[in-house]
2 protein chains.
Amino acid sequence: MEICKFCSKRSSAAKHLGNDELEKLGHSCVEVSFEKGDIIFKQNALSSNIIYVREGLVKIHMAGPEREQILKIAKGPSYLGIPTTIGDKVNNYSATALTKTEVCFIDIHIFKDFISTNSEFAYEIIVNLCKNELGHFHRCVNQLQKQSSGRVAETLLFFADEIFKTDTFDLPLSRHELGDLTGNSRENVSRILSDFNNEGLINISGKSIQILNKEKLFMISRNG
Amino acid sequence: MEICKFCSKRSSAAKHLGNDELEKLGHSCVEVSFEKGDIIFKQNALSSNIIYVREGLVKIHMAGPEREQILKIAKGPSYLGIPTTIGDKVNNYSATALTKTEVCFIDIHIFKDFISTNSEFAYEIIVNLCKNELGHFHRCVNQLQKQSSGRVAETLLFFADEIFKTDTFDLPLSRHELGDLTGNSRENVSRILSDFNNEGLINISGKSIQILNKEKLFMISRNG
DNA sequence: ACTAAAATGTGATATAGATCACATATCATA
DNA sequence: TATGATATGTGATCTATATCACATTTTAGT
């Protein structure tokens, strides 16, 4: 098993692993492929693996008191659900593939082992957790304080700039999911997208989106 | 300097430090006392210390696009702002004392040093970060989905159960701050508290609060 | 290719909660 | 203890956004 040794998508933490450690990792690591819509792990199930997304787009979501809440869109390569695997026995949230996704399941014991024996690895994991938490703080405050069109505008820019790195792309979410992500009703998302379309900020047809006026969209995202 | 060696409020991570490590920590650690209202660290300032709250109540808050957002109420003993010290050069949020607070400033270098040389310490920090993040996810979803009276009810129960461990206590926040914490306007917080009072759920007089009907308050917190 | 199911668009209506306006109470400091 | 400043309570609006209702489009399974 040399899959990890020659993996081209190693995490910044795994870059600190030596050859023998990578070999060990390769032995206790399972590679799985998920299709769009497949559940990678489920809230309330026992959490026993660290998940590493080699490639693909994943939504992290949680059942809230009223409806499903999408907490985050994660793009490989990145770790997934370290907090819920280490912080609790049970998954506090679910992860579902939004596109075809390549995932490695890493046994929690070997992960702990690396943390214990390789301080550079441990430190990278800590940095990773810290950055994630900061990102999440910002996202949360934005969600809480911006108004709905601002949240939708922000999300469109997020997909363009962070995920697809182009202004023309296919939305990987339904209107309903976009609502769960931005804290809007399905109907409101439709309306806001229509408005953006009519004002010439975007060009939308089904899921395919083209951003036409990034500056104005950014202004809307900024000022609520 | 033996303040850490004989400290009665050591963190779960610091319990894994040996005598010589504690001595080292004692040398590069400064103890400071803050009064109610004092700023412990400020958003956008350079972050160069890990802060450990030995005793006291602290609010973590962040300037949002519309208003100030209180992200969390932290109670000593606990670490404060590990994410912002390790995850960024600059503080992503502020911390302000809500009561008289005893704080230790720990040099980031010695902290990193412990992470590198003491794997148990590192692992405890990781567990801590993970649990914090899970807590924050839950708080965020609650904030986003519950309606205002639910958020206020939840906060009252939080103070009673988690912070003061009694049903009669003095609110350490103004109505305005309670709004910043629960995402309500100052006026709305007043109204909600008055309602709770009139319905006999609580007894309120200024900042002093007595919870009379915990079950019903819990129901309100649950069902929005 | 056909049909049921699911997703989407859009108007009308309802409402939670913000904002405004002002009265009252409490606090801090000279 | 007097006095300005700050915090709080409460009614009257106003508005963003949810909800409802239904038409239309798209998708998936046979």
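Mentor: Before we start, one definition: strands here are DSSP runs of at least two residues, labelled E and numbered from the N terminus. Please also keep in mind that this is a predicted model.

Trainee: Understood. In which loop is B:Ser47 found?

Mentor: B:Ser47 belongs to the loop between β2 and β3 of chain B.

Trainee: Is B:Ser47 buried or exposed?

Mentor: B:Ser47 counts as buried, because its relative accessibility is 11% and the cut-off for buried is under 20%.

Trainee: Which residues does B:Ser47 touch, leaving out those up to four places away in sequence?

Mentor: With those left out, B:Ser47 touches B:Thr84, B:Thr85, B:Asp88, B:Lys89, B:Val90 and B:Asn91.

Trainee: And where is B:Asn44 found?

Mentor: B:Asn44 is also placed in the loop between β2 (39–41) and β3 (49–55) of chain B. Its phi is near 80°, a positive value in a residue other than glycine.

Trainee: Is B:Asn44 buried or exposed?

Mentor: B:Asn44 has a relative accessible area of 59%, so the residue is exposed; the cut-off for exposed is over 50%.

Trainee: What about chain A: what is phi of A:Asn44?

Mentor: For A:Asn44, phi is near 80°, again a positive value in a residue that is not glycine. A:Asn44 sits in the loop between β2 (39–41) and β3 (49–55) of chain A, and this residue is exposed, with a relative accessible area of 59%.

Trainee: Changing topic: which residues does the cis peptide bond in chain B join?

Mentor: In chain B, the cis bond joins B:Gly76 and B:Pro77, with omega about 0°. B:Pro77 is part of the loop between β5 (68–75) and β6 (78–80) of chain B. In chain A, the peptide bond from A:Gly76 to A:Pro77 is cis, with omega near 0°, and A:Pro77 lies in the loop between β5 (68–75) and β6 (78–80) of that chain.

Trainee: Now the rings. How many aromatic pairs are found over all chains?

Mentor: A search of the whole structure gives 22 aromatic pairs. One of them is B:Phe34 with B:Phe105: the ring centres are 6.3 Å apart and the planes stand at 50°, so this pair is tilted. It links distant parts of the chain, since B:Phe34 is in strand β1 (residues 29–34) and B:Phe105 in strand β8 (residues 101–107) of chain B, 71 residues apart. B:Phe34 is buried at 10% relative accessibility, and B:Phe105 is buried with a relative accessible area of 17%.

Trainee: What about B:Tyr52 and B:Tyr79?

Mentor: B:Tyr52 and B:Tyr79 form a tilted pair, at 4.8 Å centre to centre and 55° between the planes. B:Tyr52 is in strand β3 and B:Tyr79 in strand β6 of chain B, so the pair ties together parts 27 residues apart in sequence. Both B:Tyr52 and B:Tyr79 are buried.

Trainee: Which residues form the aromatic cluster in chain A?

Mentor: A:Tyr52, A:Tyr79, A:Phe111, A:Phe114 and A:Phe121 form one cluster.

Trainee: Finally, what does the secondary structure of chain A come to?

Mentor: Chain A has eight helices and eleven strands. Its C-alpha trace spans about 60 × 35 × 30 Å along the principal axes. Buried residues make up 50% of the 224 residues in the chain.

Definitions and conventions:
Residues are numbered from 1 along each chain as its sequence is written. Chains are lettered from A and ligands numbered from 1 in the order in which they are written. This is a predicted model: local features need pLDDT of at least 70, side-chain atom pairs count only at pLDDT 80 or more; totals for chains, interfaces and linings use all residues. Side-chain values use heavy atoms; hydrogens and water are left out. Helices (H or I, at least four residues) and strands (E, at least two) are DSSP runs, numbered from the N terminus. Buried means under 20% relative accessible area, exposed over 50%, partly exposed in between (1.4 Å probe, protein chains only). Contact means heavy atoms within 4.5 Å. Rings of Phe, Tyr and Trp (its six-membered ring) pair if their centres lie within 6.5 Å; planes under 30 degrees apart count as stacked, over 60 as edge-to-face and the rest as tilted.
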